[in-house]
Amino acid sequence: EERRNPSHISAYSDAQYISFIEEAGFAIETVKETTYIRRLDTWLSELATDPADAAKVHEMVEASLETDAAGINAKRQGDDIFFSQRFLYLRSVKPADQE
C-alpha cells in the first residue's frame with residue numbers, strides 16, 4: 001500500500017480499528033466485512049496512482065500470483081489481474097453517558 005500511495009504509513013488489523021474506536025469512547029454495534037473482486041489496473045487508475053508506482057505495484061502483484069504473497073487472492077484472467085479488495089464496516093455509537 002505504501003508503494004501505491006506513500007501517504008500510507010501502516011496497515012491496521014480489524015482488531016486495531018475496533019480498539020481505536022473503543023478507545024475513543026464509542027461502542028461497536030455492528031461489524032460487517034465485504035469483499036469485492038477488482039481489476040488491478042482499474043483500481044490503480046481510479047486512485048490516480050503515479051504511473052511509475054502503478055507499474056511497480058503491478059510487477060509486485062504479478063510476482064506474487066503463484067504464492068499469494070500479497071495476501072489479496074490475486075488471479076490472472078486473460079491479460080488482466082484481479083484481486084480481492086476487502087472492506088470492514090463498523091457501526092459505532094457514543095454511549096449517552098459519555099456525550
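Where do Tyr17 and Phe20 both lie, and how many residues apart? I found both in helix α1, 3 residues apart, about one turn of the helix. Helices here are DSSP runs of H or I with at least four residues, strands are runs of E with at least two, and both are numbered from the N terminus.

A note to myself on the source: this is a predicted model, where local features need pLDDT of at least 70 and side-chain atom pairs count only at pLDDT 80 or more, while totals for chains, interfaces and linings use all residues. Residues are numbered from 1 along each chain as its sequence is written, and side-chain values use heavy atoms, with hydrogens and water left out.

**Entry: rings**

I looked up the aromatic pairs and got 6. Rings of Phe, Tyr and Trp (its six-membered ring) pair if their centres lie within 6.5 Å; planes under 30 degrees apart count as stacked, over 60 as edge-to-face and the rest as tilted. Tyr12 and Phe20 have ring centres 5.0 Å apart and planes at 90°, so I noted them as edge-to-face. For Tyr17 and Phe20 the centres are 6.4 Å apart and the planes stand at 85°, so this pair is edge-to-face. Tyr12, Tyr17 and Phe20 form one aromatic cluster.

Next I checked accessibility (buried is under 20% relative accessible area, exposed over 50%, partly exposed in between, with a 1.4 Å probe and protein chains only). Tyr12 is partly exposed at 36%. Phe20 is partly exposed at 41%, and Tyr17 is partly exposed at 41%.

**Entry: sheet**

I traced an open sheet of 3 strands in the order β1-β3-β2, with antiparallel pairing. β1 (27–39) and β2 (75–77) are at the edges with a single partner strand each, so one side of each has no neighbour in the sheet. Strands pair if DSSP finds at least two bridges between them. β2 and β3 (residues 80–93) have 3 bridges, in the antiparallel sense. Gln77 has Asp80 in β3 as its bridge partner.

**Entry: core**

Which residues make up the largest nonpolar core? I listed 9 residues: Leu40, Trp43, Leu44, Ala54, Val57, Val61, Ala74, Ile81 and Phe83. Such a core is a set of buried Ala, Val, Leu, Ile, Met, Phe, Trp, Tyr and Cys residues joined through side-chain atoms within 4.5 Å. At least two residues of this core come from each of α2, α3 and β3.
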